[in-house]
Amino acid sequence: CHRFLPMQVTSRSILPEMVEAAKRVIHPVLGTVDAPRAPATSFSIMVDIRSCTTLKKPDIISAVAALVDSNFHKVSLLSSEVVIVIQVIRSACGVSVVPGAPKFRVSNHSFNLSYHAEGKGNLSSHAEPAEGNGKADAQQGVSVSE
């Protein structure tokens, strides 16, 4: 089984380094806390941790959420326009901002490109995504065998 993980930047899985990596991909899309980037956008943060016991999801989510002006941009777990994806695999971390992510999601915060390749998903750009389904930028990814 191969899994494609969208990753725009990588870092070591140390929280301060992960936050710095996240800044590099979040700020061009959502702006900063002091200067949010228009238009107002709904966002969510997806964190997957594999084979790493030193980090906890709530700590990562809190640190990354602090980079986004949540008074301007709104958190939406089910129908976000942008998903901040953070993948931690042992001592490595990958971060990406996936605009329009609901198109590729099979379930809440689960990307599965093979599901769509088999014709089970809805990749039509004109269709309204069903709850939990969505789109992702599949051009950037890393294959991980399990």
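User: What makes the pairing of Glu17 with Arg12 a salt bridge?

Analyst: In this predicted model, the closest N and O atoms of Glu17 and Arg12 are 2.4 Å apart. The cut-off is 4 Å between a side-chain nitrogen of Lys or Arg and a carboxyl oxygen of Asp or Glu, so the pair of Glu17 and Arg12 qualifies as a salt bridge.

User: Why are Glu17 and Arg12 called partly exposed?

Analyst: Glu17 has a relative accessible area of 28%, and Arg12 has one of 48%. Buried would require under 20% and exposed over 50%, so Glu17 and Arg12 both fall in between.

User: How many salt bridges are there in total, and which residues form one with Lys23 and with Asp48?

Analyst: The count comes to three. Lys23 pairs with Glu20, their closest N and O atoms being 3.0 Å apart, while Asp48 pairs with Arg50 at 4.0 Å, a value to be set against the limit of 4 Å.

User: Where do Lys23 and Glu20 stand relative to each other in helix H1?

Analyst: Lys23 and Glu20 are three residues apart in helix H1, which means that about one helical turn separates them.

User: How do you know whether Ser13 is buried or exposed?

Analyst: Ser13 has a relative accessible area of 10%, and the threshold for buried is under 20%, so Ser13 is classed as buried. Ser13 is found in the loop between strand S2 (9-12) and helix H1 (15-30), and, leaving aside its neighbours within four places in sequence, its contacts include Met18, Cys52, Leu55, Val88 and Arg90.

User: What makes the approach of the Ser13 side chain to Arg90 a polar contact?

Analyst: A polar atom of the Ser13 side chain lies 2.9 Å from the backbone oxygen of Arg90, and the limit for a polar contact is 3.5 Å, so the distance meets that part of the criterion.

User: Where does H1 bend, and what covers its buried residues?

Analyst: H1 bends by about 30° at Arg24, with a proline, Pro28, following within four residues. Just after H1, Gly31 takes a positive phi of about 80°. The buried residues of H1, among them Met18, Val19, Ala22 and Val25, have a cover that includes S2, strand S3 (42-50), helix H2 (57-65), strand S5 (82-89) and strand S6 (92-99).

Methods:
Residues numbered from 1 in each chain as written. Predicted model: local features only at pLDDT ≥ 70, side-chain atom pairs only at ≥ 80, totals over all residues. Heavy atoms only, no water. Helix = DSSP H or I, 4+ residues; strand = E, 2+ residues; numbered from the N terminus. Buried < 20%, exposed > 50% of the residue type's maximum accessible area, 1.4 Å probe, protein only. Polar contact = N/O pair within 3.5 Å; in protein donor to acceptor, adjacent residues only side chain to side chain. Contact = heavy atoms within 4.5 Å. Bend = angle between axes of the 7 residues up to and from the residue.
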